[in-house]
Amino acid sequence: MGDVGGGGCVVTAPQFRCHDHVIEFAGDPGLVARLEPCFVDLGTDPVADPQVWTVEAFRAHARVTVEGREVVPWVPRDRLAPSVISALSSQQIAADPTRLHLHAAAVVDDDRSMLLVASSGSGKSTLTCGLVAAGARYR
């Protein structure tokens, strides 16, 4: 798709911490406002020296950069949250190969926890984002 927004978007919303990453939002305030709720429940405790991921929203698309390097290419905004979750998960796995990693997602709704375990590309991230949008919390 090329460089839809030309890069260099101005940060316009609060930051969210997820593991050793900080997710910040930049670009079109209207798009940012619609994307932000998808990431609110990703929050975890702060860590020293987190890596900052910038979500740039422009027109109907968004991408993620880390220090100017694109880690999630321009995608339609409805595919951004699953793409970011997938990229974060891949980085966590690569960062600690000595641990057992399950290809899964977990959400909490009221008193119930749901662990979604399935192969790559089966829709776990999309389902997780839908559950979060409906009120569940991502864990």
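First, the basis of the presentation. This is a predicted model, in which local features need pLDDT of at least 70 and side-chain atom pairs count only at pLDDT 80 or more, while totals for chains, interfaces and linings use all residues. Residues are numbered from 1 along each chain as its sequence is written, and side-chain values use heavy atoms, with hydrogens and water left out.

The chain contains three helices and eight strands; these are DSSP runs numbered from the N terminus, with helices being H or I of at least four residues and strands E of at least two. Along the sequence their order is β-β-α-β-β-β-α-β-β-α-β. Of the 139 residues, 35% are buried. Here, buried means under 20% relative accessible area, exposed means over 50%, and partly exposed lies in between, with a 1.4 Å probe and protein chains only. Among contacts with a separation of 6 or more, 50% join residues 24 or more positions apart; a contact means heavy atoms within 4.5 Å.

Let us turn to helix H2, residues 80-95. Its 16 residues span 22 Å from first C-alpha to last, close to the 22 Å expected at 1.5 Å a residue, where the expected span is 1.5 Å times one less than the number of residues. Its buried residues are Leu80, Ala81, Pro82, Ser83, Val84, Ile85, Ala87 and Leu88.

Next, Val66, which belongs to strand E4, residues 61-66. Is Val66 buried or exposed? Val66 counts as buried because its relative accessible area is 3%. Leaving aside residues up to four places away in sequence, Val66 touches Gln51, Val52, Trp53 and Val71. Val52 is 14 residues from Val66 in sequence, yet their C-alpha atoms are 6.2 Å apart.

Thr128, in helix H3 (residues 124-133), is likewise buried, with a relative accessible area of 1%. With the exclusion of residues up to four places away in sequence, Thr128 touches Ala105, Val107, Leu116 and Tyr138.

Finally, the surface. Val117 lies in strand E7, residues 112-117, and is exposed, at 54% relative accessible area. Together with Leu100, Leu102 and Leu115, Val117 makes a nonpolar surface patch of about 470 Å².

Terms used: Patch = residues over 30% accessible without salt bridge, like charges linked within 9 Å, V, L, I, M, F, W, Y side chains within 5 Å. Areas by Shrake-Rupley, 256 points an atom, 1.4 Å probe, with all protein chains shown as cover. Salt bridge = Lys/Arg side-chain N within 4 Å of Asp/Glu carboxyl O.
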